[in-house]
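Notebook open, model loaded. I'm jotting down what I looked up, starting with strand pairing.

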Amino acid sequence: MQKLYTLGCLALILLLFSCNKPTETQEESNEPTMSESEKRLAKYTSFKLTTDLSKLTEKEKQMIPLLIEVAGLMDNIFWEQAYGDKDALLSSISDEADKAFAKINYGPYDRLDGNKPFIEGVGDKPAGANFYPTDMTKEEFEGAELEGKDDDYTILRRDSAGKLIAIPYYEAYKEEYEKASALLAQAAELAEEPGLKAYLEARSQAFKDNSFVKSDYVWMDMKDNTLDFVVGPIETYEDGLFGRKAAHEAYILIKDKEWSSRLEKYAAFLPELQKGLPVEEKYKATLPGTNSQLNAYDVVYYAGDCNAGSKTIAINLPNAEEIHESKGSRRLQLKNAMQAKFDKILLPIADELIAEEQRKHITFNAFFSNTMFHEVAHGLGIKNTLDGKGTVRDALKEYASTIEEGKADILGIYMVTQLFEKGEIPQGTLEDFYVTFMAGIFRSVRFGVASSHGKANMLRFYFFQEMGAFTRDAETGAYRVNFEKMKEAIAALSAKILMIQGDGDYDGTVKWVAEQGKIGADLQADLDRLNDANIPVDIIFEQGKEALGL
Ligand code: ZN
């Protein structure tokens, strides 16, 4: 049985380019020149993951070290999936900055620079990472009669005769799966909240028999927990060949009940918002589930896929479409990680690129809301193409994630506009949301063409430019939002993307991405200003028992 996935969301993120020349001021100062490897590493700035542990019970505190151990196992598996032999790679690298950078990227490819190899002699990153034999073509895969090849939880290999075989994860990663299962069972014993206990037990079982979807249902029913643990094979972005194989990751999360209550009310608006989408009836025929949950968390540990390159700041799970249809989904806003990106990246970007009189509109509240509505927007639109031939995801193939992320961004801000005008968003002004959204585009295009989010933001930048949603001051290089035209552009782009999805328009997508899914010379020059100002592209975490004071 083939599981159909919608796109979970790695939220906003980003990247920059590695060839940032020293600025004139740096050349004039006596600072030691940074090596190329040090410059690459400087794209990331460090942030300590902590939270108020007094919200946890003693037993919950005892669970955290167990969960960290499981997270470490997911980290090892992700290394294997993304690259292969971690220890062999790291021990072959002598430059300390390169070694640190390889750890951030889970391999020798710069995730913020189109997966460009930064270690000599490693060759290009295989599109299918290490999920498939590197010499396997798409045609060979598609022609192979092989049970389990389309399953999200198998890897493909060759047998001794060179024939393709599919190996279930629980066999491929047997040692880690057995340990993870045992540790989760141990954590479940400590759990006092019945929902969390049931979920940890179900997840423990899933590591024995791939019943991840079943345990996702249990996760959906868990509502009163403070401690949460997202763990296992989850997102499919790492599989650049088919976008199907699930990569391993883990997040340890502590619910922020105060901010969560602020968010609760928005999930109820989904059906109404779906009806209000700026597109013909047929493109919005599905009614979204109404029992979706929206909560804010402090994240205290990242591992594997979500910790590679740019960091996720919001999650929309589970991915299985069958659950979306029957139960909706859960949207997790990672508040402390968002605050880190806002303070360390978005504000400095705005100071460089946004017109001075509009900078007052860059607010954390708007950033948090835009990110939150991005997550909510994944639940809008339709999942299957109008011709009845299958899912949007299958129709749009390797561009499915780019278009879905683009959809979430634009429908998110479209919804903000709608709700704001209805008076349902009490904080801030529409100008805050729009200018913060614009600054967010610069933040996200820095993730580069290797990232679905990066590409989606490039498409949006040029769409907005053509519609006059912003202007660029030729003299100062500052960008200024035109609020009226921005509003029109938001509706127009929402319609365009919803129709691409509904029509399953692969050819149109290929053409659009080829024309506008890249960074032109003008935009590049402006992004270079960010690099010259040493504004980091993303964050890395200081995390673990010590960071938490456990
Ligand atoms: Zn997303």
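Predicted model: local features only at pLDDT ≥ 70, side-chain atom pairs only at ≥ 80, totals over all residues.

I started with β9 and β10 (residues 330-334), which pair in the antiparallel sense over four bridges. Strands here are DSSP runs of E of at least two residues, helices are H or I runs of at least four, and both are numbered from the N terminus. Two strands count as paired if DSSP finds at least two bridges between them.

Numbering runs from 1 along each chain as its sequence is written, and side-chain values use heavy atoms, with hydrogens and water left out.

**The sheet.** I traced five strands in an open sheet with mixed pairing, in the order β6-β7-β8-β10-β9. β6 and β9 are at the edges with a single partner strand each, so one side of each has no neighbour in the sheet. The twist averages 35° from one strand to the next. Helix α15 (residues 364-377) packs on this sheet and touches β8 (293-304), β9 and β10, with its direction at about 155° to that of β10. Contact means heavy atoms within 4.5 Å; axes are lines fitted to C-alpha atoms, for helices over the stretch in contact, with angles from 0 to 180 degrees between N-to-C directions.

**A hairpin.** I then found β4 (residues 154-158) and β5 (residues 164-168), antiparallel over five bridges. Arg157 has Ile165 in β5 as its bridge partner. Five residues sit between the two strands of this hairpin, and Gly162 in the turn has a positive phi of about 90°.

I looked up the Leu317 to Pro318 peptide bond: it is cis, with omega near -5°. Pro318 is in the loop between β9 (314-317) and α13 (321-327). Tyr106 is not a glycine, yet has a positive phi of about 50°. Is Tyr106 buried or exposed? It counts as buried, because its relative accessibility is 3% (buried is under 20% relative accessible area, exposed over 50%, partly exposed in between, with a 1.4 Å probe and protein chains only). Asn534 also has a positive phi, near 55°, but counts as partly exposed at 47% relative accessibility.

**Rings.** I got 31 aromatic pairs. Rings of Phe, Tyr and Trp (its six-membered ring) pair if their centres lie within 6.5 Å; planes under 30 degrees apart are stacked, over 60 edge-to-face, the rest tilted. Trp79 and Tyr106 have ring centres 5.6 Å apart and planes at 40°, so I logged the pair as tilted. Trp79 is in helix α3 and Tyr106 in the loop between α5 and β2, so the pair ties together parts 27 residues apart in sequence. Phe461 and Tyr462 are at 5.1 Å between centres with planes at 85°, so that pair is edge-to-face. Both Phe461 and Tyr462 are buried.

**Core.** The largest nonpolar core has 170 residues, and Leu200, Leu334, Met438 and Phe464 touch the most other members. A core is a set of buried Ala, Val, Leu, Ile, Met, Phe, Trp, Tyr and Cys residues joined through side-chain atoms within 4.5 Å. Leaving aside neighbours within four places in sequence, Met438 contacts Ile354, Phe461, Phe470, Tyr479, Val481 and Met486.
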